[in-house]
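Subject: Structure handover

Hello,

Please find the structure below, with the sequence alongside. My notes on what was found follow it.

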Amino acid sequence: MPRFENTNRKLGVLFAILGLILWVDTAAATPAGTVVAVSGSCTDHGRVLDRGDAVQVGDTIDVPTGGNLKLQMTDRSVISVAPDSSMTVVGYSIDAPSRNVRLSLTRGALRAQVSSIRDPSTFEVATASGTASVASASADWFIKAQPDAAQVAVLVGTIDLRSAVTGDSVSIPARWGTRLETGLDPVLPRIWAQREFNAVIRLTGTNDPAAL
Amino acid sequence: MKALKPFDPTRQTNFGGTYSKLITEDLGIELEDGLIHRDRLGASSVTGAQNFRATLQYEAMLDPPHEFLLSVLLEHEFGGTGDPAVGSEKHGATTPGVTFGKGLGDLPIGYWRPLAITGFAGYEFGEGPRTNTFQAGISIQYSIPYLVSKVSNVNMPSFLRGMTPITEVFFANPVERAPDQGTNTTLVVAPGVSYSRGRGWELGIEAMIPTTRATGHGIGVIAQLLVQLDYLLPESVIGRPIFVPTELP
């Protein structure tokens, strides 16, 4: 009997440890969004993504050449990732009514259709050249990360673009865009033609017929 | 603007306003009017309206990689809409013209890349007895905002980072002699500076130096404040072109 009790105690400890591990894991895996459209072999840390898969804080999403990915985020924002892109969800905290979103775009492009929020919030995308952040309640905008530059264009709302090196920033209103070369100030914004917007809309579009 | 004219002891100040509106992304209209105030030696001052002008301008060529832009325009001055007491013509005039802008940023010239040249040439057809005039202008400018955003992170005070030194030259030559009008060439050189940090406004100030007898004597000053409504009110009717091309879904 004592031997049996000893085994039970050991099992209890094991289950407790297992439960603790599961709890810690669940707490760390903060959900950020869900894949709503995918084409091509898009991966999250090597795991191939399918429609309906969850994306969590800390995930790095790679979209191959010819692929596309669309995410519905937990705050109802929609992020469309262009072919040949790599994006990391650094933070996605929604503590209603505020929001704190930090994405990192290593390469490629994305479109962020940022849902409206009443209270002050942070929604920013960092690249090697600088950081773009939403300065309006909602926004629909594009950011492209190149090896030595970043490009931002705004369809709706206002985006601030700040140089990582000089700290200088510009505000980009709707229908305007600009460029930031690594190590320099942002270029003064200019009006974008509709054909320029259409090119980036196509780039970040998805071929999945079930897309939103 | 303040300028003196020869043989006419007068100091003239103009207050002008221009409203530009895009009809489509390539076609715009510009409406211009203003007041002229003349202080005369030995006589009372006089203030009156200048003639109303409207300009249609079409962007015929845009080549961003080569930083080149070419526009054609048609300007009409509506004669008799201003006050003859301040020199506004009773007869109107129509000016077809062409403008261009060329940045040197695509050339391998290092710190000279922020240089840009703009130009204008037009032929003013006067109505009735009004003399036809050939007009031209050219400017050369060095954009510090271009320097710090596309060439090099030069260490300089913040306010200097928005400066663009500029020199403009205006030229007008009446091509037909009218019995009651002057026929001399006017040439003004205008060195100055403009300031913009991409916040929806731009301020420019230039000296106006007459270089021919017909232009006048004494140095004038011109100051311009440009407010970009399409930047400040981008999602309103005021800030957008009247006709916008179809957007992809």
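I start with one residue of chain A. Leaving aside neighbours within four places in sequence, Ile159(A) is in contact with Ala132(A), Ser133(A), Val134(A), Ala135(A), Ala139(A), Trp141(A), Val152(A), Val154(A) and Ile172(A). Please keep in mind throughout that this is a predicted model.

Ile159(A) also belongs to the largest nonpolar core, which has 52 residues. Together with Leu69(A), Leu110(A), Trp141(A), Ile143(A), Val152(A) and Val154(A), Ile159(A) touches the most other members of that core. Strand 9 of chain A makes the biggest contribution to this core, with 7 residues. As background, nonpolar side chains in soluble globular proteins tend to be buried together.

Strand 9 of chain A is also where Leu103(A) sits. Is Leu103(A) buried or exposed? Leu103(A) counts as buried because 24 C-beta neighbours lie inside 10 Å, and the cut-off for buried is 20 or more. If residues up to four places away in sequence are not counted, Leu103(A) touches Met87(A), Thr88(A), Val89(A), Val90(A) and Val125(A). Between Leu103(A) and Asp160(A) there are 15 Å in space, C-alpha to C-alpha, and the two are 57 residues apart in sequence.

Next, how the strands pair. Strand 9 of chain A covers residues 98–114 and pairs with strand 7 of chain A in the antiparallel sense, over 4 bridges. Within this pairing, Val78(A) stands opposite Gln113(A). Strand 7 (residues 78–81) of chain A is also joined by 4 bridges to strand 6 (residues 68–73) of chain A, and these two run antiparallel. Here Lys70(A) stands opposite Ser80(A). Strands 6 and 7 of chain A form a hairpin with 4 residues between them. In the turn of this hairpin, Arg76(A) has a positive phi of about 75 degrees.

For chain A as a whole, the secondary structure comes to 2 helices and 17 strands. Of its 212 residues, 41% count as buried. Among contacts in chain A between residues at least 6 apart in sequence, 42% join residues at least 24 apart.

Chain B has 2 helices and 13 strands. Of its 249 residues, 18% count as buried. In chain B, residues 24 or more positions apart account for 51% of the contacts with a separation of 6 or more. Along the principal axes, the C-alpha atoms of chain B fill a box of roughly 60 × 45 × 30 Å. The radius of gyration of chain B is 20 Å, which agrees with a compact globule, because 249 residues in such a globule would give a value near 18 Å.

Where the chains meet, the contact takes 22 residues from chain A and 17 residues from chain B. On the chain B side, helix 1 (144–151) and helix 2 (229–232) each supply at least two residues. Helix 1 of chain B gives the largest share of that side, 4 residues. By class, the side of chain B that touches chain A has 7 nonpolar, 4 polar and 6 charged residues.

Last, confidence. The model scores ipTM 0.86 and pTM 0.86. Chain B averages a pLDDT of 91, and 92% of its residues score at least 70. Over residues 1–7 of chain B, however, the pLDDT is below 50. That stretch has 26 contacts in the model beyond near neighbours in sequence. Where pLDDT is low, the predicted coordinates should not be read in detail.

Regards

Conventions:
Residues are numbered from 1 along each chain as its sequence is written. Chains are lettered from A and ligands numbered from 1 in the order in which they are written. This is a predicted model: local features need pLDDT of at least 70, side-chain atom pairs count only at pLDDT 80 or more; totals for chains, interfaces and linings use all residues. The radius of gyration is taken over C-alpha atoms; the globule rule is 2.2 Å times the number of residues to the power 0.38. A residue is buried if 20 or more other C-beta atoms lie within 10 Å of its own, exposed if 12 or fewer, and partly exposed in between; C-beta atoms are placed from the backbone. Two residues are in contact if their C-beta atoms, placed from the backbone, lie within 7 Å. Ala, Val, Leu, Ile, Met, Phe, Trp, Tyr, Cys and Pro count as nonpolar, Asp, Glu, Lys and Arg as charged, and the others, Gly among them, as polar. Two strands pair if DSSP finds at least two bridges between them. A nonpolar core is a set of buried Ala, Val, Leu, Ile, Met, Phe, Trp, Tyr and Cys residues joined through C-beta atoms within 7 Å. pLDDT is the predictor's confidence in each residue, from 0 to 100.
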